[in-house]
2 protein chains.
Amino acid sequence: MVEKGLPRAERRRRSEERILASARALFAEVGFERATIRAIAKQAEVDPALVMQYFGSKQELFQRAVRVAPVAHGALSADEVVEQVLGTLGLKLGELPQSSLAMMRSMLTHPEAAVSARKVLGEQIDRLAQAVPGEDARLRAALMMMIMLGVTVGHQLLDLDELRGVPQEEIARLLRPGLQALAGPEGS
Amino acid sequence: MVEKGLPRAERRRRSEERILASARALFAEVGFERATIRAIAKQAEVDPALVMQYFGSKQELFQRAVRVAPVAHGALSADEVVEQVLGTLGLKLGELPQSSLAMMRSMLTHPEAAVSARKVLGEQIDRLAQAVPGEDARLRAALMMMIMLGVTVGHQLLDLDELRGVPQEEIARLLRPGLQALAGPEGS
DNA sequence: CAGTTCGCTCAACAGGCGTTGACTCAACGA
DNA sequence: TCGTTGAGTCAACGCCTGTTGAGCGAACTG
């Protein structure tokens with residue numbers, strides 16, 4: 001695809017954006033290893049060499065594609081924490097951004113994606129832990145995140161029959177007691 | 001490695017076992033794609049061609065390596081279900097079999113591993129659902145499994161700081177209320 | 001002891017991968 | 001108008017992969 005008649009800067013911007021979109025889609029669908037630069041370029045209607053020219057390497061393309069905006073920190077109550085967690089990871093409002101799916105899809109098999117995942121999860125855990133009382137606040141916060149991670153993996157990545165088409169409110173309703181037990185002061 | 005002086009049948013048995021052990025270890029460590037037949041053969045001190053001769057293809061080797069014995073079905077009470085779930089996926093008694101780790105490591109990026117994972121998880125969900133009352137027994141059972149999956153992924157595969165070295169009883173204690181809420185009749 | 005079997009190795013193949021450097025040509029600036 | 005820039009292409013490179021077929025030599029069989 002060569003969109004003619006456009007200023008150079010605009011063409012470049014659009015091509016870069018198309019490549020990033022294709023990269024996110026393919027990384028999310030099949031993971032880092034199976035998503036080839038050739039396939040990404042084809043979907044973006046661009047030559048594979050252009051991908052290299054713009055992003056330097058497949059690894060750098062991946063990092064650009066999965067980069068997520070850091071979440072603003074803010075003090076939360078214990079109750080808010082539960083609702084916040086339930087809103088994480090795309091159960092609420094349907095879809096998760098492709099960039100997050102791409103990171104999750106690759107995090108078990110691509111070392112660099114694992115680093116990103118640990119970083120993102122760690123930041124969220126820190127954030128939650130501030131609102132959870134007790135010595136083991138970080139452990140409790142981590143378990144809350146892992147619960148959401150597990151459900152999201154089953155739902156979005158493994159596409160389990162039992163979770164397909166279930167309204168997000170129902171899942172949230174079933175998960176809430178467990179998350180409240182983790183967020184609340186009691187629980188021992 | 002050629003162990004001399006052994007009967008042919010015994011040599012064959014040992015080589016096959018060494019290959020399977022190496023395969024499980026490498027699939028568990030780096031996943032299907034990054035675990036090359038050459039690396040597996042090297043670790044088993046064997047020629048790569050022998051792996052093909054014995055198992056036919058990398059795919060068949062993977063299937064043999066991750067094959068898990070089907071779990072015996074048995075009727076359980078709701079309380080037993082919770083303890084059973086907490087015992088799943090290797091939180092109890094430390095380690096999970098390498099074959100399970102291999103399957104989990106690859107399930108997001110290797111289609112065949114995803115099929116295996118869905119099958120194994122589906123069987124466990126069916127089993128749990130029999131002991132959970134209500135219309136949404138299968139959904140509740142699925143969420144229980146996903147909780148354990150998430151925690152196990154964080155613990156065994158992502159190796160999160162927050163979960164490292166935490167005694168299994170502590171994690172079980174923190175997770176129990178949430179699992180009981182899912183297993184119990186009330187919860188709406 | 002001769003002949004066969006078979007566990008195992010060796011060397012090579014074809015194909016796909018990330019990556020590169022030379023090239024084309026339309027948009028640009030003076 | 002004309003040289004320069006830079007977006008985009010093309011063809012190829014070296015490497016690594018799963019996989020194969022021929023062959024060796026020790027364990028077997030009679």
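Q: What share of the contacts in chain A between residues at least 6 apart in sequence join residues at least 24 apart?
A: With a contact defined as two residues whose C-beta atoms, placed from the backbone, lie within 7 Å, 67% of the contacts in chain A between residues at least 6 apart join residues at least 24 apart. This is a predicted model, in which local features need pLDDT of at least 70 and side-chain atom pairs count only at pLDDT 80 or more, while totals for chains, interfaces and linings use all residues. Residues are numbered from 1 along each chain as its sequence is written, and chains are lettered from A and ligands numbered from 1 in the order in which they are written.

Q: How many helices and how many strands does chain A have?
A: Helices (H or I, at least four residues) and strands (E, at least two) are DSSP runs, numbered from the N terminus, and by that rule chain A has 9 helices and 0 strands. The C-alpha trace of chain A spans about 65 × 35 × 30 Å along its principal axes.

Q: Why is Glu112(B) called partly exposed?
A: A residue counts as buried if 20 or more other C-beta atoms, placed from the backbone, lie within 10 Å of its own, as exposed if 12 or fewer do, and as partly exposed in between. Glu112(B) has 16 C-beta neighbours inside 10 Å, and therefore counts as partly exposed. Glu112(B) sits in helix H7 of chain B and, leaving aside neighbours within four places in sequence, is in contact with Gln59(B) and Phe62(B). The C-alpha atoms of Glu112(B) and Gln59(B) are separated by 8.2 Å, although the two are 53 residues apart along the chain.

Q: What share of the 188 residues of chain A counts as buried?
A: Of those 188 residues, 40% count as buried.

Q: Which residues touch the most other members of the largest nonpolar core?
A: A nonpolar core is a set of buried Ala, Val, Leu, Ile, Met, Phe, Trp, Tyr and Cys residues joined through C-beta atoms within 7 Å. The largest such core holds 110 residues, of which Leu143(A), Met144(A), Leu143(B) and Met144(B) touch the most other members. Not counting residues up to four places away in sequence, Leu143(A) touches Leu182(A) as well as Val151(B), Leu174(B) and Leu175(B).

Q: How do you know that the copies meet through the same surface?
A: The contact takes 41 residues from chain A and 41 residues from chain B. On the side of chain B that touches chain A, the largest share, 13 residues, comes from H8(B). Because 98% of the interface residues of chain B are also interface residues in chain A, the copies meet through the same surface.

Q: Which residues come nearest to DNA strand C?
A: A residue is near a strand if its C-beta atom, placed from the backbone, lies within 6 Å of it. Of the 22 residues around DNA strand C, Pro7(A), Ser57(A), Ser15(B), Asp47(B) and Ala49(B) come nearest. H1(B) gives the most to this surface, with 4 residues.
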